[in-house]
Amino acid sequence: MKKREQWTSKIGFILAAAGSAIGLGAIWKLPYVAGTNGGGAFFLIFLLFTLLIAMPLLLAEFILGRSTQKEAVSAYRQVSPGTKWHWIGRLGVITSFLLLSFYSVVGGWILIYLFRSITGGLASLEADQYGPLFNNVIANPVEALIAHFIFMILTIWVVQGGIQKGIERASKYMMPALFILFLIIVIRSLSLDGAWEGVTFFLQPDLSEITSETILFAMGQSFFSLSLGVSIMVTYSSYLPKEESLPRSVGSVVGLSLFISLLAGLAIFPAVFAFGFEPSEGPGLIFAVLPAVFSQMAFGSVFFTLFIALLLFATLTSAFSLLEIIVASITKNDQEKRKKAAWSAGLLIFVMGIPSALSFGVMNDFLIFGLPFFDAVDFLVSNILLPIGALLISIFVPLKIPKDVLWKEMSQGTNIAKKWFAIWLFLIRYLAPVAIAIVFLNVIGVI
Ligand code: TRP
């Protein structure tokens, strides 16, 4: 029998998992949801959710994947045959569909900005003109749709053709480059006049700002930015060799993701206050603020082009992982079906994303529960479906996988103390489901 393909190197796995995790979540979503939900209070709750709930959950997904060596749906089937638990995997596929439909719209905005920055269309504006510019860009239905379409085609093209190896190699350089450029922006942003107000807004929690919505959004953000709740990490870790330490991989992915979230906030908020933007600007926040920061830098337009290209790369690696879950669940590793599955699923996602792409322009007045279509899909995915997926996984893993298997997977390749196992088990078995349930009940007003 052919040996099951494995990651060629540990770093390959970390890069793929981190590549899925790091993307628009940390860089685009975090600043804008923090800005609309109370700044520092939001970030504090987001940190707590990340460390106490999302991080243990990431380990749970890794353990499920590596112990079964199967993609998500088959992994649930193997652990609990003949039951309905594999619907967790299916729910993940549906969620990924919806997620990618609006993710790709934002990917399209990035393409538009890349195009404009290369052709010089972003240079030499006054800082306060970038906000209106973004609103014009997203209000143009043709441009937004073409960009969304091109982004989806790029995603499909990579996923169908298996050039993932090349992507894996490229991310070894692109990711560190993105980090370095981010550090440069942070330094520039922090040295603007009035920057400190932004730092305080982002990092000093004002506990009176906490509402049940703040908590819901912070929870959703912690799952979104680590790609949790859709079992993608189950599939990825199923290719990981037995000798690798899972807790260490969890530490790397969470560490990188938190670090880039922190950098994103420190790049954006000082500039928001220095230039007089509104932190609650919404999904356009980074598109209005970042060009303004770069315009204040020597060689700003060159740096901006480079930055936006790297951001596009980070966004694409996340989009691949989303389409990959869907394709893997359709083809069940039958390579002959891969092309067709990638194109049909990808084009369907494009169509589903059309109303999102139009929702800040021609469909401005079309609201669902008072939200523009784009925000409604994002809300449904990030704040409802991902937490439900996470809740089910946190119930499934400790309930269905025997304790000795859990411990074996956790301790392989490290000499981790047994007390960490007890702590992890407590967090995943009790804290995670109870916390997620309380947040839900609190939002709908039951408690
Ligand atoms: N984590 C990615 C980001 O922050 C988005 C993403 C990719 C994702 N795959 C996912 C989110 C699966 C949830 C589930 O940009």
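Select Leu57, Ala60, Glu61 and Leu64 in α3, then Ala390, Ile393, Ser394, Phe396 and Val397 in α16: these two sets meet. By class, this contact of α3 with α16 holds seven nonpolar residues, one polar and one charged. Keep in mind that the model is predicted.

α3 covers residues 40-68 and α16 covers residues 373-400. Their axes lie 10 Å apart and form an angle of about 60°. The crossing of α3 and α16 is left-handed.

Next stop: the ligand. Select the 14 residues around the ligand. Leu24, Gly25, Tyr103, Phe224 and Ser227 come nearest.

- Ser20: a polar backbone atom sits 3.2 Å from a nitrogen atom of the ligand.
- Ala21: a polar backbone atom is 2.9 Å from an oxygen atom of the ligand.
- Leu24: here too a polar backbone atom is 2.9 Å from an oxygen atom of the ligand.

Select α9, residues 195-203, and α12, residues 246-275. They pack at about 135°, with axes 7 Å apart. That makes α9 oblique to α12. This crossing is right-handed.

Which residues make the contact? From α9, pick Ala195, Glu197, Gly198, Val199, Phe201, Phe202 and Leu203. Colour them by class: the contact of α9 with α12 has ten nonpolar, three polar and one charged residues.

Conventions
Residues are numbered from 1 along each chain as its sequence is written. This is a predicted model: local features need pLDDT of at least 70, side-chain atom pairs count only at pLDDT 80 or more; totals for chains, interfaces and linings use all residues. Side-chain values use heavy atoms; hydrogens and water are left out. Axes are lines fitted to C-alpha atoms, for helices over the stretch in contact, and angles run from 0 to 180 degrees between N-to-C directions. Helices (H or I, at least four residues) and strands (E, at least two) are DSSP runs, numbered from the N terminus. Angles under 35 degrees count as roughly parallel, over 145 as roughly antiparallel, 65 to 115 as roughly perpendicular and the rest as oblique. A crossing is left-handed if the near helix is turned anticlockwise from the far one by less than a right angle, and right-handed if clockwise. Contact means heavy atoms within 4.5 Å. Ala, Val, Leu, Ile, Met, Phe, Trp, Tyr, Cys and Pro count as nonpolar, Asp, Glu, Lys and Arg as charged, and the others, Gly among them, as polar. A residue is near a molecule or strand if one of its heavy atoms lies within 4 Å of it. A polar contact is a pair of N or O atoms within 3.5 Å; within protein, one must be able to donate a hydrogen and the other to accept it, and residues adjacent in sequence count only if both atoms are side-chain atoms.
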